[in-house]
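The following exercises are to be worked through with the sequence and the model in view.

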Amino acid sequence: MTDADRPAPDSSSTQDTEGFFPVSPLMIRNWSKGRFALYLRQGNSYVLYTSKGDAFTDAHRRKLDDMGVLLVYVDGAERGAYASYLLENLPDLLLDENIPMEQRGEAWYQASLMALRRVFEERLPKGLAKRRFAEISEMLRTGMDFFSRNGALKQVARMVSRGYKSYHHSLGCAVLTYFVCAGSPKVDPERLHAVCLGALLHDLGKTLVPQDILDRDPETLPLGEREKLRAHAAAGVALCAHLPMERETVNCILLHHERVDGSGYPAGVPGEVQPFYVKALAVCDTYDNLTRPAPWRPARTPYEALRYMKMHKDCFDVDAMRRLISVLSGAEVPTQ
Ligand SMILES: [Fe+2]
Ligand SMILES: [Fe+2]
């Protein structure tokens with residue numbers, strides 16, 4: 001009898017209907033030593049299918065298919081192990097043509113949701129998490145629909161494959177930009193999703209920039225390499241050219257390094273002609289970058305990052321800065 005044929009032992013049956021969550025067997029890569037146990041649902045019980053440490057192979061997947069089992073379950077207590085597994089394997093999962101598009105979209109959503117929890121826990125005031133987590137989850141759900149419907153998962157896979165840190169930065173920017181823009185009379189609420197999608201994809205073009213350039217202080221790069229780095233804004237738009245992007249999404253990707261005093265790139269567009277949501281993203285992107293460690297400097301504290309930005313205040317929109325500070329202090333962001 002192979003592992004796949006092994007009946008689930010009764011002693012592992014559990015009546016707990018609370019903590020288990022469903023996963024498609026297609027989302028589990030073949031492994032020789034499982035990182036978490038997989039269960040089958042039988043009525044209100046969950047019975048062990050493969051233990052943590054067991055193999056999971058094509059034979060297991062075929063057996064499940066023969067039994068007509070579309071979902072296996074993971075114990076909620078192992079959510080952390082599942083999250084790490086998902087993030088590590090996300091680029092492969094997103095590009096796996098054998099997995100239906102909706103399931104790949106769901107994998108992206110689940111992985112992003114877990115990363116989002118970390119953004120909230122580690123980088124935002126506690127009160128904010130309670131009030132606003134559902135809104136942001138909804139925004140991600142819309143993103144998932146977009147990526148799945150439009151075959152854009154390849155671009156997401158590109159971004160994720162550059163490592164968890166840069167993906168975490170993209171999510172961090174999307175969350176902060178959402179909070180800074182939500183309720184602002186300068187941003188149409190109907191366009192907020194398109195803005196957040198742009199914030200999520202803003203650095204997509206960096207996937208075309210050699211890693212050794214990204215690993216060095218931009219201020220110290222020779223001109224040729226600095227140009228390559230700066231090309232990432234336009235390159236990001238080119239990578240998405242085949243997708244039905246909203247204007248706001250494209251503007252976020254193309255203009256996130258523009259500055260209010262006209263000192264930014266790619267075009268040196270002054271603040272008067274930049275949409276507010278672009279200026280909000282520029283503020284959030286800079287803050288998020290400063291508060292993360294870079295290969296050439298340690299992370300700044302939130303206070304140090306804001307002080308640095310105030311020293312360069314001509315670059316940033318006053319209202320966007322004020323709203324970011326409100327978000328970070330846990331205060332209600334003004335709606336007027
Ligand atoms: Fe960028
Ligand atoms: Fe960025």
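**Exercise 1. The hairpin**

Task: Determine how strand β2 and strand β3 run relative to each other, and how many bridges join them.

Solution. The model is a predicted one. Step one is to locate the strands: β2 covers residues 38-42, and β3 covers residues 45-50. Step two is to examine their pairing: the two strands run antiparallel and are joined by five bridges. Within this pairing, Y39 has L48 of β3 opposite it. Step three is to inspect the turn. Two residues lie between the strands of the hairpin, and G43 adopts a positive phi near 65°.

**Exercise 2. The domains**

Task: State into which domains the chain is divided, and describe the contact between them.

Solution. First, the chain is split into domain 1, residues 1-74, and domain 2, residues 77-328. Next, the contact between the two draws nine residues from domain 1 and 11 residues from domain 2. On the side of domain 1 that touches domain 2, there are five nonpolar, two polar and two charged residues. Lastly, the centres of the domains, taken over C-alpha atoms, are 36 Å apart.

**Exercise 3. Helices α6 and α7**

Task: Classify the relative direction of helix α6 and helix α7, and identify which residues meet.

Solution. Two packed helices are described by the angle between their axes and the distance between the axes. Here α6 comprises residues 164-181 and α7 residues 192-201; the angle is about 150°, and the axes are 7 Å apart. Angles over 145 degrees count as roughly antiparallel, so α6 is roughly antiparallel to α7. The crossing of α6 past α7 is right-handed. On the α6 side, the contact consists of S170, L171, C173, A174, T177, Y178 and C181, which meet L192, V195, C196, A199 and L200 of α7. By class, this contact holds 10 nonpolar, two polar and no charged residues.

**Exercise 4. Two further partners of α6**

Task: Describe how α6 packs against helix α3 and against helix α14.

Solution. Begin with α3, residues 101-123: its axis and that of α6 are 10 Å apart, at an angle of about 70°. Since 65 to 115 degrees counts as roughly perpendicular, α3 and α6 are therefore roughly perpendicular to each other. Their crossing is right-handed. From α3 the contact takes S112, A115, L116, V119 and R123, and from α6 it takes Y167, H168, L171, G172 and V175. These residues divide into six nonpolar, three polar and one charged.

Continue with α14, residues 318-328: its axis comes within 9 Å of the α6 axis, and the two cross at roughly 110°. This angle makes α6 roughly perpendicular to α14. L176, F179 and V180 of α6 are in contact with A320, R323, L324 and V327 of α14. The contact of α6 with α14 has six nonpolar residues, no polar residue and one charged residue.

**Exercise 5. A cis peptide bond**

Task: State which residues the cis peptide bond joins, and find the place of P266.

Solution. The bond lies between Y265 and P266, with omega about 10°. To place P266, consider the helices on either side: α11 spans 247-255 and α12 spans 276-290, and P266 is in the loop between them.

Conventions: Residues are numbered from 1 along each chain as its sequence is written. Chains are lettered from A and ligands numbered from 1 in the order in which they are written. This is a predicted model: local features need pLDDT of at least 70, side-chain atom pairs count only at pLDDT 80 or more; totals for chains, interfaces and linings use all residues. Domain bounds come from an automatic or database domain assignment. Two residues are in contact if their C-beta atoms, placed from the backbone, lie within 7 Å. Ala, Val, Leu, Ile, Met, Phe, Trp, Tyr, Cys and Pro count as nonpolar, Asp, Glu, Lys and Arg as charged, and the others, Gly among them, as polar. Two strands pair if DSSP finds at least two bridges between them. Helices (H or I, at least four residues) and strands (E, at least two) are DSSP runs, numbered from the N terminus. Axes are lines fitted to C-alpha atoms, for helices over the stretch in contact, and angles run from 0 to 180 degrees between N-to-C directions. Angles under 35 degrees count as roughly parallel, over 145 as roughly antiparallel, 65 to 115 as roughly perpendicular and the rest as oblique. A crossing is left-handed if the near helix is turned anticlockwise from the far one by less than a right angle, and right-handed if clockwise.
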